[in-house]
Amino acid sequence: MKSGLSGVVALVVLLLLIIVGYSSIFTVRQTEQALVVRLGAPVGAPITDPGLHFKAPFIDTVISIDNRILDLENPSQEIIASDQKRLVVDAFARYRIKDALRFYQSVGSISAANLQLTALLNAALRRVLGEVTFIQVVRDEREVLMGRIRDQLDKQAGAYGIEVVDVRIRRADLPDQNSQAVYQRMQTERQREAAEFRAQGGQKAQEIKSKADREATVIVADANSQADKIRGEGDGERNRIFAEAYSQDPQFFAFYRAMAAYETSLKNNDTRFVLKPDSEFFRFFNSVNGTPLKAVAPAAPR
């Protein structure tokens with residue numbers, strides 16, 4: 001009877017030891033850090049080393065805090081730039097918890113931290129973007145402005161044990177009601193520039209064309225002058241050759257010129273001449289040497 005009771009007591013004690021032992025250990029994953037809280041008050045420094053750790057059973061509570069980089073999505077909001085233009089800004093931030101104890105004491109949870117960071121991010125956006133113009137936000141200084149917003153947000157978030165890694169402006173644009181008007185104004189401006197470029201191109205083309213026409217006229221005039229000069233020299237040389245030929249054999253030269261005249265004037269083009277047979281033009285038809293034939297006396301009547 002006593003041995004049976006002793007066995008039950010030993011079993012109960014073993015069970016209690018197991019429960020106490022299980023309540024005394026906890027595991028920290030590599031993606032998190034742990035904070036041990038005893039009766040609502042943190043005990044010691046946050047545990048960042050992954051692995052198996054010990055705590056006081058039943059009275060200590062372990063709070064796990066994410067150690068990775070977290071995302072903060074900020075809803076789109078309207079911001080007025082320094083040139084009084086309204087902007088719809090869509091931004092987001094990335095942060096991590098660098099001081100788990102301060103984080104737990106100040107905000108307590110990631111959801112509460114997101115609410116607090118959203119308010120701080122909106123304030124930083126309005127403060128930084130409100131000091132610059134629309135063009136600087138959209139094009140010229142966007143990278144610099146995001147760095148300024150990140151620095152300001154990180155400085156304020158340090159009070160909550162949070163380190164801001166990055167802030168990005170995903171979209172910065174005009175409101176929908178202004179986009180169409182801006183688009184039409186930009187289109188009109190581009191059309192004006194295009195018309196100006198076309199006018200300048202047309203003027204330049206006309207100048208080039210006028211210059212080309214002037215140079216062509218000069219070239220043609222020079223060519224005609226040179227041609228007339230060469231033609232005159234050729235005519236002079238021809239006349240000299242004709243003169244020399246004529247002086248050597250005037251009779252043959254006259255015969256040659258007459259044959260050339262016959263060939264030119266008596267082509268098969270229905271040309272008709274009304275001339276006397278003893279005309280000077282046909283003198284080589286009457287005689288080889290071009291002398292006119294003697295008149296034949298009429299026969300005496302019988």
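Start by selecting Asp66, which counts as buried at 16% relative accessibility; buried means under 20% relative accessible area, exposed over 50%, and partly exposed in between, with a 1.4 Å probe and protein chains only. This is a predicted model, in which local features need pLDDT of at least 70 and side-chain atom pairs count only at pLDDT 80 or more, while totals for chains, interfaces and linings use all residues. Residues are numbered from 1 along each chain as its sequence is written, and side-chain values use heavy atoms, with hydrogens and water left out.

A salt bridge here is a side-chain nitrogen of Lys or Arg within 4 Å of a carboxyl oxygen of Asp or Glu. Arg68 is partly exposed, with a relative accessible area of 49%. The structure holds 16 salt bridges. For a linked set, select Glu73, Asp90 and Arg170, which form a network of salt bridges.

Move on to helix H6, residues 176–248. Helices (H or I, at least four residues) and strands (E, at least two) are DSSP runs, numbered from the N terminus. Within H6, pick Arg231 and Asp228, which are three residues apart and so separated by about one helical turn. They form a salt bridge, with the closest N and O atoms 2.7 Å apart. Arg231 is partly exposed, at 47% relative accessible area.

Then select Glu237 and Arg240, which also lie in helix H6, three residues apart, or about one turn of the helix. The closest N and O atoms of their salt bridge are 2.3 Å apart. Glu237 is partly exposed at 36% relative accessibility, and Arg240 is partly exposed at 38%.

Now go to Leu39, in the loop between strand E2 (32–38) and strand E3 (41–42). Leu39 is exposed, with a relative accessible area of 75%.

Finally, show the whole chain. The protein chain has eight helices and nine strands, and buried residues make up 25% of its 302 residues. Its accessible surface comes to about 21300 Å², of which 57% belongs to carbon and sulfur atoms; accessible areas come from the Shrake-Rupley method with a 1.4 Å probe, and for residues only the protein chains shown count as cover.
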